[in-house]
Amino acid sequence: AFISHLIFVLQIPPRVPVTKITMAIVTFAELKALLHPHYLVNIILAALYIVLRLVQPFCSVLFLTDSCELDFREAEILTFLAVIVLFRTRKTGVTRLVPYISTACMYTKVANILLFFYNDPRMGVLYMVVCLVQMMVLPEPSFRGDDRVVYFNDTDMDEEIQRDKRVTWLVTFYAVWSPSCVNFAPVFSELAAKYTLDNLKFGKIDVTRFPKVAEEHHISTSTLTRQLPTVVMFK
């Protein structure tokens, strides 16, 4: 049952029509999570261009125009953005509110950078700096649940795994800046809570803090990598 569950949560979602993918019921905990400063600032930054471009007096002052409307190129970029968000959330199987908002905000901010540069390179540079500061000062909160996952560092991981040969370890290599890792954290925690035994244990290691461990296991830590999170079984 455990192996079937693990394969289910790790597999790529099947190619089904978009109309068959529905959001799960929004819970109070998810709405409460959105009150975290990271998500609030993220939503504000994502909506910033539309607000400044369509609302007086911002559009007249910043864009030097009396017509607070999107031109063809701006509408084209925003339409392309909507397609990208739908495609990415469908491909990754996102059905919860917080991961969906996080993914949508990430791509919207990229589109906003292009839109600001399109109108005024100075505004584009300023917006990009603000986004970088937001990423450093208010990173996406990692999952903090009541789980049975052991958090390793670069010195105790091998020692703990080799201590008892009868124990099988499932270790997740993750990065705190990766949306995929953040989304996978509660799933891995649920698996640990449900299936931890004396001879089956779960662990995690942050490749941002301990990149040498990731390198030893041939896991890329680049910001463009598609290898995170990686789950390795040590038996």
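## Close-up views of a predicted model

**Figure 1. Helix H3 passes helix H6 in a left-handed crossing.** The model shown here and in the other figures is predicted. H3 spans residues 37–54. H6 spans residues 97–119. Their axes come within 9 Å and cross at roughly 40°. The pair H3 and H6 is therefore oblique. From H3, the contacting residues are Tyr-39, Asn-42, Ile-43, Leu-45, Ala-46, Tyr-49, Leu-52 and Arg-53. On the H6 side they meet Val-98, Ile-101, Ser-102, Cys-105, Thr-108, Lys-109, Asn-112, Leu-115, Phe-116 and Asn-119.

**Figure 2. Helix H3 packs against helix H7.** H7 covers residues 121–137. The axes of H3 and H7 lie 11 Å apart, at an angle of about 165°. Angles over 145 degrees count as roughly antiparallel, so H3 and H7 fall in that class. H3 passes H7 in a left-handed crossing. His-38, Val-41, Asn-42, Leu-45, Ala-46 and Leu-48 form the H3 side of the contact. Tyr-127, Val-130, Cys-131 and Gln-134 form the H7 side.

**Figure 3. Helices H6 and H7 meet along their contact stretch.** Their axes come within 6 Å and cross at roughly 155°. H6 is therefore roughly antiparallel to H7. H6 contributes Lys-109, Asn-112, Ile-113, Phe-116, Phe-117 and Asn-119. H7 contributes Pro-121, Met-123, Gly-124, Val-125, Tyr-127, Met-128, Cys-131 and Gln-134.

**Figure 4. Two spans carry a transmembrane annotation in UniProt.** The record is an unreviewed entry, and it places the feature "transmembrane region" at residues 39–64 and 97–118. Residues 39–64 are 85% helix and 0% strand in the model. The end C-alpha atoms of this span lie 31 Å apart. Residues 97–118 are 100% helix and 0% strand. Their end C-alpha atoms lie 31 Å apart.

**Figure 5. The peptide bond from Gln-56 to Pro-57 is cis.** Its omega is near 0°. Pro-57 sits in the loop between H3 and helix H4, residues 58–63. Most peptide bonds are trans.

**Figure 6. The loop between helix H10 and strand E4 holds His-218 and Pro-229.** H10 covers residues 211–216, and E4 covers residues 230–234. The bond from Leu-228 to Pro-229 is cis, with omega near -5°. His-218 has a positive phi, near 60°, and is not a glycine. Most residues other than glycine have a negative phi. Is His-218 buried or exposed? His-218 is exposed, because its relative accessibility is 70% and the cut-off for exposed is over 50%.

**Figure 7. Lys-201 lies in strand E3.** The strand runs over residues 200–206. Lys-201 has 30% relative accessibility, so it counts as partly exposed. Which residues does Lys-201 touch, not counting those up to four places away in sequence? They are Val-167, Thr-168, Trp-169 and Leu-170. Trp-169 is 32 residues from Lys-201 along the chain, yet their C-alpha atoms are separated by 5.0 Å.

**Figure 8. Ala-75 has its place in helix H5.** H5 spans residues 72–92. At 32% relative accessibility, Ala-75 is partly exposed. Ala-75 and Leu-115 are 40 residues apart along the chain. Their C-alpha atoms are separated by 10.0 Å.

**Figure 9. The whole chain sets the context for the close-ups.** It has 10 helices and 4 strands. From the N terminus on, the order is α-α-α-α-α-α-α-β-α-β-α-β-α-β. Of its 235 residues, 36% count as buried. Among contacts with a separation of 6 or more, 71% join residues 24 or more positions apart. The accessible surface is about 14600 Å². Carbon and sulfur atoms account for 64% of that surface.

Note on methods: Residues numbered from 1 in each chain as written. Predicted model: local features only at pLDDT ≥ 70, side-chain atom pairs only at ≥ 80, totals over all residues. Heavy atoms only, no water. UniProt positions renumbered as here; feature names shortened; annotations may be inferred. Helix = DSSP H or I, 4+ residues; strand = E, 2+ residues; numbered from the N terminus. Buried < 20%, exposed > 50% of the residue type's maximum accessible area, 1.4 Å probe, protein only. Contact = heavy atoms within 4.5 Å. Areas by Shrake-Rupley, 256 points an atom, 1.4 Å probe, with all protein chains shown as cover. Axes fitted to C-alpha atoms, helices over the stretch in contact; angles between N-to-C directions. Parallel < 35°, antiparallel > 145°, perpendicular 65-115°, else oblique. Left-handed = near helix turned anticlockwise from the far one by under 90°.
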